[in-house]
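Here is a short report for a first look. Start with the picture, then read on.

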Amino acid sequence: MNEELISSILFLIDLFTSTRTLECKNSTKASRSISIYYDKNVNLISMKFDIIFLDHSRLKNSNLREESNFLIFYFLLDFLSENLKKEIDLNDFEDYIWIKTELTPQWNSHKDYKRKFFNSLTLIGFEQNEILVLLKMLVSIILLEKFEKEKK
Amino acid sequence: MSKNFHLKDKSFSWLVPNITVWVYLREPDPKTAQIFKKAEILYLDSSRFIAKVRFLEDKKEIMCALSDLNKASSFCTCESYEDLLNMSIYNYPEIMNNFLVRKENNEMYTSLNDILIFFMSDKLFSGGFSPATINYYMQAFVKNMNINDCSAHLYRFVCKCLNQTQKSNQSIIISGEEGSGKTLNFTKAVEFISLINKSIKEELDDIPGKF
């Protein structure tokens with residue numbers, strides 16, 4: 001376990017479980033639990049991250065007109081290249097009702113979120129094709145709202 | 001004003017002329033938005049349960065009800081208690097004033113024995129989590145210094161927990177309202193634990209356990 005790996009895990013957890021609300025720019029919508037294990041020589045062996053009580057309803061709650069959805073969706077729309085967006089069938093904001101444009105996240109201009117995101121996934125153990133599958137899964141979650149509309 | 005002044009009601013028996021008290025303002029102060037202000041009692045009327053007080057700040061004199069008065073310590077208003085257990089008087093204005101003074105002095109943390117209280121402000125004191133601060137607490141822990149001598153901080157709290165793991169497993173619970181700094185403290189604590197791991201390898205003896 002090194003600091004870079006821990007920092008990457010925390011960054012990804014923030015991206016997948018945080019939203020922007022009226023009260024807070026980076027509000028965590030889940031409970032986190034970390035168990036830290038070390039050996040007799042006080043070497044950090046492992047950390048176990050648990051995410052519980054994730055606010056699933058926020059994914060498709062169109063009543064939250066003044067608050068944003070999870071940060072990861074805005075990250076996909078703001079930072080992915082056009083080619084990658086085409087590959088995973090990701091369109092612009094107007095196509096997705098659940099991804100509100102009224103209250104988008106405030107990204108820090110000094111941070112290279114795109115590089116950190118892909119580096120973090122690689123550090124955790126994701127391969128390139130697995131990262132692509134993950135991105136497609138995220139897009140499919142956004143697309144669920146279109147299926148619901150057609151169902152009605 | 002009588003020299004031998006005794007109040008019949010026992011709940012106000014601590015009130016004597018010329019002492020310093022906290023006065024509850026019915027409306028917040030327009031400049032500071034505070035609802036309590038320090039004042040000196042000039043005159044007490046036990047029959048009507050009112051008092052005349054003079055504010056220490058602007059020397060303004062007002063009449064107020066005895067129930068609006070709270071005990072105040074003679075502690076200097078520019079100083080504060082790092083551990084609330086050391087306070088001599090426990091009431092709402094005393095505790096809030098302590099927090100206010102600490103915030104103005106850029107002290108992010110206040111402790112209450114095993115509880116750590118953190119203030120979230122827009123102008124967060126960046127030095128609180130600087131590499132110099134991390135190094136300070138890390139060195140104190142690694143060199144087996146008395147960590148309680150260091151000022152109240154998240155890192156001191158984490159070091160104390162690590163010390164206690166010799167006896168039993170430890171837990172830290174971070175709780176607070178939305179936007180109060182839970183994620184920030186969570187992240188800083190985890191990063192500190194990973195950084196201290198390097199120093200522990202070199203200096204400490206075997207300490208088994210789960211944290």
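This is a predicted model: local features need pLDDT of at least 70, side-chain atom pairs count only at pLDDT 80 or more; totals for chains, interfaces and linings use all residues.

Which residues meet here? On the H1(A) side they are Asp14(A), Leu15(A) and Phe16(A), and on the H2(A) side Leu71(A), Ile72(A) and Phe75(A). Five residues of this contact are nonpolar, one is charged and none is polar.

## Chain A as a whole

Chain A holds five helices and four strands. Along the sequence their order is α-β-β-β-β-α-α-α-α. Chain A has 152 residues, and 40% of them count as buried. Its accessible surface is about 8900 Å², with 50% belonging to carbon and sulfur atoms. Now take the contacts in chain A with a separation of 6 or more: residues 24 or more positions apart account for 62% of them.

## Cysteines

How many disulfides does a search of the whole structure find? Zero, over all chains. A disulfide needs two cysteine sulfur atoms within 2.5 Å. The sulfur of Cys159(B) has its closest cysteine sulfur in Cys150(B), 7.7 Å away, so the two are too far apart for a bond.

Two cysteines of chain B count as buried, as the table shows.

| Residue | Relative accessibility | Class |
|---|---|---|
| Cys64(B) | 7% | buried |
| Cys159(B) | 0% | buried |

Notes:
Residues are numbered from 1 along each chain as its sequence is written. Chains are lettered from A and ligands numbered from 1 in the order in which they are written. Side-chain values use heavy atoms; hydrogens and water are left out. Contact means heavy atoms within 4.5 Å. Helices (H or I, at least four residues) and strands (E, at least two) are DSSP runs, numbered from the N terminus. Ala, Val, Leu, Ile, Met, Phe, Trp, Tyr, Cys and Pro count as nonpolar, Asp, Glu, Lys and Arg as charged, and the others, Gly among them, as polar. Buried means under 20% relative accessible area, exposed over 50%, partly exposed in between (1.4 Å probe, protein chains only). Accessible areas come from the Shrake-Rupley method with a 1.4 Å probe; for residues, only the protein chains shown count as cover.
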